[in-house]
Amino acid sequence: MFGDVERRKPHFSGTVEGLPPTIPSIPLELTILYNTVVLSLSLSDVNQSVNSLLYEGLVRGLEAYDAHFDRLDITKLWAMIFQNINDPNFIQAVDQLIYLQCVLWLVCNQLEKIDNVLHLLRDRGSSGSALNTHRGDLWQCVKSGDLLKDRNGSDLVLVLSLTSLGELIYTCAMFLRGFCKMEEGNYLEAVDILEQAAEGLCSKRILAEIYTLIGHCSTQMDRPQTALQYFRWALQADIQCLSALYHAAMVYRRLEMVDAELEALNHLSVALESWDQYKVGNDVDSQVLIRPEQLVQIPATCHLLTSVNWVHVKHSLAGRFLQMGRVEAAAEHYLDLLASFLEESQREIFVVADHTIPRIPEIYLEAAVALLHCQRFNDVITVSEEIASKMTCLISEKLTFEITVNEWLSSDCSKSTEAPEIDTSHQTCHLNSFSESQTLWAKKKETLNYILWAATAFLYQGQAFALLKNNKESITNFTRCVNLLLKVQVVGPPDLGVPDDQIETLKKNMIEVKILQKLKSLAFVGRGIQLAERGQNREALQNFQLSLQAYHDNFEAVYHLVEILWKLERKQEAVTYWLKQAEAEKRHKVNASEDFPIFLISCLKEISTSEEEAVSKKLDGYRSSFATRT
Amino acid sequence: MAACRTKAVRYLDPVKLGSGQARGGVRLLGSPGRLYVWSRSEFVSVYQRDSGMLQSVFKLPSSVWHVEVDSRHEHLFVLCAGSGIYSISLNHSLVEETGAGESFPAASQSECNRGNSMPRVCAVRAERCIIRDPAITSFILSDDIVVTVVKEDQKWRVTFLRLPLPGCELQPCRKIEDVDFPFHSNFPTCEKSPETISPPVLCCIYPRTVKDSEKQLRGDAHMSLEPSLFSLLFSVDANMLNSPIILCGLPDGQLCFVPIKYVNSEAKCHASRVKVLHHLEQPVVFIGVVSIKEDGNDDSEHQPSVDKPLIPDGVVVIGKGGKIVIIKASLQMEIWFPNFIEYHLRGPITSACCYASTLYYSTCWDFFSIEFVQRKKSFGVTGRTADQRNSQSDGTLPSILTPISLNICGIVAVSTPSLTANGDISFVALTEKGKVMMCTLPYSSNAAQSMNFKAATAGQRIKDLLAGIGSVNDRIKSLKRVMQQKDKALKGLNQDFNICCGLLSNQEDQEKGMVPSEQPISCYITAKWNRLLLQDSLVVCCILENLSDWPLEHRWSLCVRVIIQTSALTKSSDSTAFTYNFPISELTPGKKMEVAVPLNSANDDFMAFPVSVHCFLHYNLNSILTGNANERPFPHSSMIAAGCSDNNGICLPVNTHVIDLLDCLHIRGGGAAETVPALNINHKSGTSDPLAIFLQSLMCFEADNFKGNETFKGSFNVPGSESTFSASIKLSSELAKVVLKDLGKGDAAVNGSDILQWLFSGNPEVVPVGTQPLPMVHCTAPDGSSVQILSKQVAVADFSVDGSLSVMEIVMECSSLTMLCFLHQAITRRVQMLLEQSSPSSDSLPGFRVQSLRQLVHNAEFLSLLCGWKYAVYSS
């Protein structure tokens with residue numbers, strides 16, 4: 001049906017163009033114009049030409065009445081018409097076009113213009129005396145259809161009645177206004193207006209969106225339970241409103257209701273997997289010509305209502321499972337994720353929600369950790385191999401990583417190893433060379449990331465081989481990891497008078513450097529353990545010492561160091577190390593490991609408390625015996 | 001070098017050419033071995049690749065701009081001008097839609113030539129249009145996603161669409177996402193029509209995957225790139241996501257990329273999905289991948305083989321103007337960078353293709369090949385150490401590219417090359433004349449020499465040679481054309497140079513005050529009344545005469561600049577200027593050309609005098625380059641604004657002329673006698689001071705204003721038609737003698753009619769009237785008011801110490817004060833010129849108070865200014 005209309009449109013206007021406008025024919029022409037525009041809106045091909053079509057129609061109507069108002073703004077044109085022309089048939093036709101123009105303005109988000117015109121409409125009848133001028137009443141008039149009434153008994157058929165068009169305008173305008181209030185941060189008012197919008201003529205979809213927005217406002221106003229209630233209503237209104245489900249999950253996360261959160265995320269990921277079919281089905285239905293969601297255009301920068309990213313959902317689900325230690329489930333989700341990456345034809349992966357997904361290699365690493373915990377060692381090796389192979393060709397022989405002043409100025413460093421963006425607000429006179437050095441620095445940081453990812457991959461590979469009891473391969477991989485990490489040399493800025501001790505603190509604060517040192521430490525420990533297993537105690541000892549050198553707070557290293565010292569009969573040394581460690585632990589009650597990305601955190605605690613206590617007891621025994629002896 | 005290569009060229013049936021620029025393309029479909037050729041007509045021809053037979057022809061609703069082949073689903077996607085993208089299933093459509101009544105021109109030809117059966121013509125119906133968007137300029141396929149590029153107002157829009165699922169092909173594509181990004185700032189917006197700018201070049205690059213099965217699945221049409229360069233250019237994330245990348249070379253010179261799979265992983269920074277890699281500063285015509293790194297194999301033969309293709313490790317981007325950019329990974333400052341290396345070749349380049357480390361490209365005149373890997377000659381093979389090899393295999397590019405001519409001309413499109421069983425490179429090319437040829441080139445020179453001549457292959461060899469002769473013939477023709485064009489251009493340039501020299505030296509002479517020798521190009525400017533559709537209009541008529549020995553050709557145009565001092569009357573000396581441009585088709589020596597421009601074009605109500613008219617010749621530099629008479633720099637309509645100030649041409653002033661009211665008076669024939677008495681009466685009453693009249697009229701206006709009458713427009717007409725304004729100028733008899741000398745009447749007694757003849761010397765209408773010289777002229781000013789000028793001899797006492805002096809008095813009378821002012825100004829200007837002319841001899845006039853005369857002139861000018869001021873006051 002629509003296709004027919006599309007084809008006939010040019011034909012129709014072609015016939016009209018040739019004829020001079022006459023008073024009897026104008027209502028018919030304008031009604032046809034109205035119907036054409038409504039249908040093209042319904043086909044959702046709104047463009048500038050529709051706007052000019054309306055204007056031309058109006059001008060043509062005026063020509064019939066021998067009135068010329070050249071180049072006037074369309075609002076002024078209407079004002080003139082109301083003053084000068086009294087033919088009810090013409091006015092009725094013009095009224096129809098006014099509503100249409102309001103719809104077009106809705107599409108461009110021009111609410112003020114709509115307000116102006118509606119005032120104009122109301123004031124012409126009563127000249128503004130009887131009705132009070134409250135805006136809310138005006139909108140109520142629009143909603144109830146009191147402002148413009150459909151003409152009864154006319155033989156000119158409108159495809160969409162003015163009453164329903166008015167209701168449509170009401171809903172959309174309220175929606176947009178509420179949305180604006182929400183953007184401004186005026187949540188209370190936003191909720192108020194949005195609730196009014198929900199009372200209007202709504203499609204399922206727009207109702208769900210309104211509820212989602214109200215829910216979001218409630219969250220912002222710290223009313224999580226209300227928010228959850230609205231999200232539920234949103235889903236009841238339209239099961240496809242997945243953003244409501246997603247936001248509900250986020251509220252559960254805030255409330256620390258883990259099970260509920262995971263369930264919501266799970267539903268979400270399942271729904272998203274069959275999203276394509278939903279969308280196809282969605283396009284077919286509807287008896288309604290214009291649905292409100294066709295008219296309201298939410299700015300692209302706002303991701304509240306855009307459909308949720310499957311990758312993001314899947315990843316946060318997997319990440320949550322990993323954090324909670326439900327490694328089996330985590331591994332399954334991670335594998336799904338990786339499979340989707342490698343899939344030939346792709347579900348829509350690139351829908352952007354405003355959430356951070358870590359860099360793709362980090363997702364691979366997280367997957368490797370999850371698999372490692374599930375003891376699926378061969379899978380760990382495969383995944384790690386994939387990362388390492390992708391990275392090694394990008395790594396150079398040596399990397400001198402310079403800590404820049406910029407980094408020094410910003411005291412808190414970026415929380416994850418994301419690709420650094422180039423900050424442009426600097427106070428340097430040599431802006432050109434500075435920005436050049438900035439890009440160089442950014443690229444170096446990226447290369448550092450490559451090294452860290454590859455080293456982590458080797459570390460996990462080493463650990464996997466270790467757990468597979470493949471001693472030799474394990475040592476090889478740990479050595480690879482260490483060699484990679486040793487390529488990086490962290491230096492302070494050459495020419496600035498930053499004291500050395502400050503550079504040290506700088507180095508410590510920078511997350512990349514921290515990860516680097518931590519990885520080094522872990523690799524040395526790993527290699528040490530393997531060497532110890534092979535009976536090369538001396539080399540093992542050396543490795544443990546190097547590990548401690550690289551990172552002081554490594555309890556694992558201390559534990560193994562003490563053990564090996566004990567084995568080598570250097571008990572006194574063992575005791576000193578142990579005591580030092582105990583002291584240090586007292587001092588740093590808060591563990592610094594929170595800074596580390598998720599792929600590194602979960603492999604940190606390796607020593608069980610029972611083992612720890614055993615060593616403790618052993619050493620205490622020795623100390624007491626030593627004390628009694630002396 | 002070129003001689004030792006042997007190549008084979010085989011011609012297939014030609015395709016029908018579309019109108020407009022010669023453009024087109026060739027696509028190969030691997031497994032059934034078919035060829036798809038289009039050339040901007042509405043046909044896509046399908047050839048069998050082995051036999052070269054024209055198999056069938058698809059007829060589309062409008063001219064074909066681009067074709068892509070989906071080898072996996074055996075689909076053809078065709079972009080048609082002004083409608084969108086059509087999908088043609090290659091399996092079914094042949095059966096489905098045959099026998100459309102249209103006859104294909106090549107079909108009958110082929111029948112005669114070879115006795116083959118007619119190719120089937122399949123008309124593609126409108127339902128097959130799966131993406132309806134007339135604005136699409138280019139598109140590409142990546143698996144089941146279609147990426148289109150549209151040029152909007154100020155931006156490019158890249159749209160991703162999903163192809164309908166197999167089985168429901170006729171459904172329209174579903175849009176997934178739009179990405180916008182701006183034009184490059186240097187790109188002129190909205191200037192050219194989409195027909196003339198080259199379309200964006202798209203290229204889909206896949207990351208290399210470990211699985212071999214995928215590689216086979218994709219076939220040879222898919223490009224892949226070495227992972228390290230891929231990661232460096234398009235980020236590691238794209239590589240690990242296994243995302244295909246769409247590289248896009250735009251007509252504004254930007255080279256950018258869009259990943260198909262994309263996760264916005266960079267926190268809080270909503271980076272655009274499209275990233276610009278490079279700016280080429282010229283339209284991009286080709287993007288491809290090459291292998292730069294030398295193969296690590298020890299065998300000296302770098303023969304590529306079908307089973308082990310080289311991994312491309314460089315991206316080649318070619319601009320229309322001949323700029324080539326090669327992108328490769330290189331190690332700098334401890335880190336790997338994508339390195340952009342630029343080369344320059346002679347353009348314009350129309351099309352190109354790559355195979356392994358060889359680039360083939362075509363200019364209009366020839367086809368070239370370039371090797372990126374410099375192969376060592378055979379002596380180097382034994383002596384090479386591992387070190388040397390390492391340094392060489394690092395992918396050092398030659399510092400200068402040396403194209404080798406392959407002697408094939410007129411290629412507008414080439415297919416992607418493929419390797420034949422013998423190890424030769426074969427590709428299909430489309431020429432500008434619509435010929436389709438299959439070219440086979442030996443991959444290396446060694447292979448060419450080892451080709452042995454056997455009796456069995458003799459037939460083929462002769463065929464090849466004949467085809468070669470044909471191609472040489474073509475080439476000679478095109479070279480001849482180039483030579484002729486160049487020759488013509490040089491000849492023209494020589495002529496133009498001589499004309500320039502003549503004009504310039506003439507100008508220099510004038511500046512030095514020397515008597516100008518005869519001007520090589522002269523321009524005679526007059527004002528003329530033109531009667532058209534019962535309406536008189538004033539035109540400036542310029543007659544350009546070529547007195548030089550060289551013709552003025554299409555590269556020249558005559559510009560007439562009319563400067564009207566409108567606002568001189570009000571405030572500063574602002575002026576309105578109109579420039580008219582008249583293309584000169586050809587003006588041979590001795591010929592004249594007449595052009596006319598309207599004088600009262602600004603506002604018809606009022607015209608201010610004097611008007612200065614500048615004539616100059618404009619030389620268009622663009623036209624030398626194109627050498628094409630059809631491409632006019634300006635549209636044929638004569639009106640352009642400030643066309644001569646543009647910087648793609650040279651302006652040579654020819655003549656400047658000031659047109660005052662005297663030149664524009666419309667002389668009434670015959671009516672002189674009856675007006676004489678009236679003039680005399682008026683003259684008697686009007687001998688009073690002009691200032692008095694002026695003040696009188698001013699009072700009149702004020703009175704009118706108080707009455708609140710209509711505003712005044714046009715000239716000052718004194719209410720009451722009877723009264724007129726008059727003014728007079730006295731001219732000493734000495735000066736009058738100079739006038740006579742000018743007129744060539746020698747020492748005859750000064751006569752009133754002579755003075756008038758002098759005044760109207762510039763007026764073209766005076767000639768028919770001048771048969772009977774009268775001391776008075778009755779004429780009409782351009783605004784319709786009547787003007788009378790009388791010249792007579794009177795005696796004055798004030799000016800000379802010697803007592804009474806006989807002078808000529810010029811009395812002018814006009815019903816409009818404005819016109820009177822202009823007239824007065826015109827006459828004083830003439831007198832001023834006369835004074836300047838006679839100033840060296842002014843000493844011979846004893847006691848003549850030149851100073852006082854000049855004072856009078858100044859007063860008069862002030863009067864006219866005053867009048868103008870008043871006009872401004874009332875008209876505003």
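Is B:Glu127 buried, exposed or partly exposed, and what is its relative accessibility? B:Glu127 comes out as partly exposed, at 46% relative accessibility. Here, buried means under 20% relative accessible area, exposed means over 50%, and partly exposed is in between (1.4 Å probe, protein chains only).

A quick note before going on: this is a predicted model, where local features need pLDDT of at least 70, side-chain atom pairs count only at pLDDT 80 or more, and totals for chains, interfaces and linings use all residues. Residues are numbered from 1 along each chain as its sequence is written, chains are lettered from A and ligands numbered from 1 in the order in which they are written, and side-chain values use heavy atoms, with hydrogens and water left out.

Now for the salt bridges (a side-chain nitrogen of Lys or Arg within 4 Å of a carboxyl oxygen of Asp or Glu). The count over all chains is 26. Here are some of them:

| Pair | N to O distance |
|---|---|
| A:Arg177 and A:Asp115 | 3.6 Å |
| A:Arg359 and A:Glu446 | 2.9 Å |
| B:Arg125 and B:Glu127 | 3.5 Å |

Take the pair A:Arg359 and A:Glu446, joined by a salt bridge. A:Arg359 sits in the loop between helix 17 (327-342) and helix 18 (360-373) of chain A, and A:Glu446 in helix 21 (residues 431-467) of chain A, so the pair ties together parts 87 residues apart in sequence. Helices are DSSP runs (H or I, at least four residues), numbered from the N terminus. A:Arg359 is buried at 3% relative accessible area, and A:Glu446 is buried at 13%.

Over in chain B, B:Arg125 is partly exposed, with a relative accessible area of 46%.

Technical notes. Helices (H or I, at least four residues) and strands (E, at least two) are DSSP runs, numbered from the N terminus.
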